[in-house]
Amino acid sequence: MPLPTRPGLDAVPAYRQGRSAPAGASKLSSNESPHPPLPSVVDAVTARLATLHRYPDMSAAALRERLAARYDVDLSEVTVGAGSVEIAAQLIHAVAGAGDEVVFAWRSFEAYPSLVRIAGATPVPVPLDAHHAHDLDAMLAAITPRTRLIFVCNPNNPTGTVVDADELERFVAAVPHDVLVVIDEAYVHFDRTESRGAGIELFRRHPHVAVLHTFSKAYGLAGLRIGYAIAPAAVAENQRKVAVPFGVTDLAQTAALASLDAEDELATRIDEVVAQRDRLHDVLTAAGWPAVRSQANFVWVPAGDRTAELERLLQEGGVVARAFPGEGVRISSGSVEDIDRVESALETELAEVNA
Ligand SMILES: *Cc1c(COP(=O)(O)O)cnc(C)c1O
């Protein structure tokens, strides 16, 4: 007799992690911070190791209070999860089930289609426009009576494009109030446009908006798994029902609080990552690759049928990036040395283009 399987799971692709890098290579495949954790964060976490025999505070009260004060929202509107990918799952499970539809741009965050299918709902991917950005009009047109949730990944992973704050507001205003608009701002700290951080303001002005933030990227805590949402209280309440109990560890909560105490220091690091991102874009462009201007901590190269070639060149130069076969390569920003390495890997091409 075969073991039981849940119908529909065949259609769920397993999440693919960015490739690991051999010793000495630059791992630019997962949009991680190139910086090791801040000493103050390591100290705070170390001090909590003695209480590992205790369950964490399931309500993450201290962290949620801190975030509520920071964004001037009600405590009931703040939820935490084991990474914002877990929160994305909570939000989907809170509003959508079998027969319901979830709209998102494509290509966008790899996890969206699987999370939607796992909830039993139907993914509705809407192609990005010719500039690799969200096509908000097409997304509006994709709404049906079955639509429950729309993701707007801003800046978008993997293309690094942002939507203009006014256009996003017009979009949100046009979406029916029984559809939740989730603005995934995993990369908001790297955005240097005037539209930066539009999500929270939209949350304040509209009843059907939730915003996702993470400590994984700009704050460098990817290994600890912690993120949060600012969501309408009624949605947040249902998120708590579908969350796996005790998913967010005490160490993660502690590290998040310590990071909020160290925001000035982190801001300097973020500026460095932004500077290397722009340099990475310029190096790629100078070498003749069609890099897209990015507001995140990575650069997208829609290399099309030259994707494998670019991946190989980088790999030979000791750089592991994220390739999407036939579409393009996403290269995370890194340290000065990491981007030096990208430059060396493309040296022959740089010379040819400039000859
Ligand atoms: C990395 C990422 C996340 C979440 O990361 P967590 O580590 O789970 O917080 C969420 N959304 C997007 C678009 C991402 O790229």
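Does Asp282 count as buried, partly exposed or exposed, and at what relative accessibility? The legends below describe a predicted model.

**View 1. Asp282 sits in helix α10.** Asp282 has a relative accessibility of 41%. Buried means under 20% and exposed means over 50%, so Asp282 counts as partly exposed. Ala25 is 257 residues away from Asp282 along the chain. The C-alpha atoms of Asp282 and Ala25 are separated by 21 Å.

**View 2. Helix α10 packs with helix α12.** Helix α10 covers residues 263-286, and helix α12 covers residues 336-345. Their axes lie 10 Å apart and form an angle of about 5°. Angles under 35 degrees count as roughly parallel, and α10 and α12 are therefore roughly parallel to each other. On the α10 side, the contact is made by Gln276, Arg279, Leu280 and Val283. On the α12 side, Val336, Ile339, Asp340, Val342 and Glu343 take part. By class, this contact has five nonpolar, three charged and one polar residues.

**View 3. Strand β8 has buried residues pointing both ways.** Strand β8 spans residues 227-230. Gly227 and Ala229 point one way. Tyr228 and Ile230 point the other way. All are buried.

**View 4. Strand β8 pairs with strand β2.** Strand β2 holds residues 78-81. The two strands pair in the antiparallel sense, over four bridges. Ile230 in β8 is the bridge partner of Val78.

**View 5. Strand β8 is also joined to strand β7.** Strand β7 runs through residues 209-214. Four bridges join β7 to β8, and the strands run antiparallel. Here His213 stands opposite Tyr228 in β8.

Technical notes. Residues numbered from 1 in each chain as written. Predicted model: local features only at pLDDT ≥ 70, side-chain atom pairs only at ≥ 80, totals over all residues. Heavy atoms only, no water. Axes fitted to C-alpha atoms, helices over the stretch in contact; angles between N-to-C directions. Parallel < 35°, antiparallel > 145°, perpendicular 65-115°, else oblique. Contact = heavy atoms within 4.5 Å. Nonpolar A, V, L, I, M, F, W, Y, C, P; charged D, E, K, R; others polar. Buried < 20%, exposed > 50% of the residue type's maximum accessible area, 1.4 Å probe, protein only. Pairing = 2+ DSSP bridges.
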